Amino acid sequence: MDRRRPRKQAKTTPKVSSIEWEFIRMTDQEEDIINRMYRLVGDRWDLIAGRVPGRKPEEIERFWIMRHNKTSLERRS
């Protein structure tokens with residue numbers, strides 16, 4: 001009799017393409033804080049969000065990705 005444990009299946013989360021994201025508008029002050037904090041702590045979005053009132057870490061990360069992907073795409077052209 002085979003008494004092996006059933007294997008746990010890996011949880012999969014749906015992947016969201018950045019193409020489907022709506023661009024997040026930030027004020028100049030928010031952008032400045034995000035840029036300065038990123039230089040200090042890197043991609044620790046939760047820490048950065050703590051310095052930008054009313055913003056969630058996910059919003060800041062999405063903003064960062066979209067801002068820098070746009071810049072990198074312009075450089076390639």
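User: In the protein chain, what share of the contacts between residues at least 6 apart in sequence join residues at least 24 apart?

Analyst: Keep in mind that this is a predicted model. Take the contacts in the protein chain between residues at least 6 apart in sequence, then pick out those joining residues at least 24 apart. That share comes to 51%.

User: What order do the elements of the protein chain follow from the N terminus on?

Analyst: The chain has three helices and zero strands. Reading from the N terminus, then, you get α-α-α.

User: Is Val52 buried or exposed?

Analyst: Val52 sits in the loop between helix 2 (45-51) and helix 3 (57-76). Its relative accessible area is 1%, and the cut-off for buried is under 20%. So Val52 counts as buried.

User: Which residues is Val52 in contact with, leaving aside its neighbours within four places in sequence?

Analyst: Glu31 is 21 residues away from Val52 along the chain, and their C-alpha atoms are 9.3 Å apart. For contact, though, heavy atoms have to be within 4.5 Å. With those sequence neighbours left out, the residues touching Val52 are Glu30, Ile33, Ile34 and Ile60.

User: Which elements give two or more residues to the largest nonpolar core?

Analyst: That core has 11 residues, including Ile34, Trp45, Val52 and Trp64. The elements giving two or more residues to this core are helix 1 (28-41), helix 2 and helix 3.

Key: Residues numbered from 1 in each chain as written. Predicted model: local features only at pLDDT ≥ 70, side-chain atom pairs only at ≥ 80, totals over all residues. Heavy atoms only, no water. Helix = DSSP H or I, 4+ residues; strand = E, 2+ residues; numbered from the N terminus. Buried < 20%, exposed > 50% of the residue type's maximum accessible area, 1.4 Å probe, protein only. Core = buried A, V, L, I, M, F, W, Y, C linked by side-chain atoms within 4.5 Å.
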